[in-house]
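Please keep the sequence and the three-dimensional view at hand while reading.

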Amino acid sequence: QVQLVESGGGLVQPGGSLRLSCVLSGATLDVNAIGWFRQAPGEKREGVSCIGRNDDDIYYAQSVKGRFTISRDKAKNTVYLQMNSLKPWDTAVYYCATDSKGEWSKVLAATRLYPGYLDIWGPGTPVTVSS
């Protein structure tokens, strides 16, 4: 079965950086698109960024554009989220997720509009931005 596991979260000061990793098993990034999401305390889960099997298929939420970078290493079956210039409001549990078929259009729609479109999620990794 398809599984996702995130890592790399932790405590960082405002202005600092973290790199999150999402390891995919049971499927390949040659086929599957992956999205990054986050959920802050007391708030709804929201899309952050996503990447398709093609390098041109990338999306960033306005709140992170220019600060976060999504990338993949197909050899390692891993998607990364490099987070720079972190702000206190970036504090959240960060999740990666995909569609059961790994379809870009559905992952993009979930990231832009509604995370509930996706049915395969990792357990999440917490990020705390605080001084």
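Does C50 count as buried or exposed? C50 counts as buried, because its relative accessibility is 0%; here buried means under 20% relative accessible area, exposed means over 50%, and partly exposed lies in between, with a 1.4 Å probe and protein chains only. This is a predicted model, in which local features need pLDDT of at least 70 and side-chain atom pairs count only at pLDDT 80 or more, while totals for chains, interfaces and linings use all residues. Residues are numbered from 1 along each chain as its sequence is written, and side-chain values use heavy atoms, with hydrogens and water left out.

C50 also raises the matter of sulfur bonding. A disulfide is a covalent bond between the sulfur atoms of two cysteines, and it is assigned here to a pair of cysteine sulfur atoms within 2.5 Å. The closest cysteine sulfur to that of C50 belongs to C22 and is 12 Å away, which is too far for a bond. The structure holds 1 disulfide, and it joins C22 to C96 with an S to S distance of 2.1 Å. The link of C22 and C96 is right-handed, with 80° about the S-S bond. Because C22 lies in strand β3 and C96 in strand β9, the pair ties together parts that are 74 residues apart in sequence. Both C22 and C96 are buried.

The strands named here are DSSP runs of E with at least two residues, numbered from the N terminus. Two strands pair if DSSP finds at least two bridges between them. An open sheet of 4 strands has the order β1-β3-β8-β7, and its pairing is antiparallel. The edges are held by β1 (3-7) and β7 (68-73), each with a single partner strand, so one side of each is left without a neighbour in the sheet. On average, neighbouring strands of this sheet are turned by 20° against each other, direction ignored; the axes are lines fitted to C-alpha atoms, and angles run from 0 to 180 degrees between N-to-C directions.

Within this sheet, β1 and β3 (residues 18-25) pair in the antiparallel sense over 5 bridges. S7 stands opposite S21 in β3, and the bridge partner of E6 in β3 is C22. On to the next strand, β3 and β8 are paired antiparallel over 6 bridges, with S21 opposite Y80 in β8.

Another set of pairings involves β11. Strand β2 (residues 11-12) runs parallel to β11 and is joined to it by 2 bridges, with V12 opposite V129. β9 and β11 run antiparallel and are joined by 3 bridges; A92 has V127 in β11 as its bridge partner.

In soluble globular proteins, nonpolar side chains tend to be buried together. A nonpolar core is a set of buried Ala, Val, Leu, Ile, Met, Phe, Trp, Tyr and Cys residues joined through side-chain atoms within 4.5 Å. The largest such core has 27 residues, and those with the most contacts inside it are I34, W36, F68, V79, L81, M83 and Y94. Elements that give two or more residues to this core are β3, β4 (34-39), β5, β7, β8 (78-83), β9 (92-98) and β11 (125-129). The largest share, 4 residues, comes from β3. Apart from this core lies another, of 8 residues, among them A33, C50, A97 and L108.

Ring pairs complete the picture. Rings of Phe, Tyr and Trp (its six-membered ring) pair if their centres lie within 6.5 Å; planes under 30 degrees apart count as stacked, over 60 as edge-to-face and the rest as tilted. By this rule the count is 3 aromatic pairs. The rings of F37 and W121 have centres 4.9 Å apart and planes at 55°, so this pair is tilted. F37 in strand β4 and W121 in strand β10 (residues 120-121) are 84 residues apart, and their pair links distant parts of the chain. F37 is buried, with a relative accessible area of 0%, whereas W121 is partly exposed at 25%. Ring pairs link F37, Y95 and W121 into a cluster.
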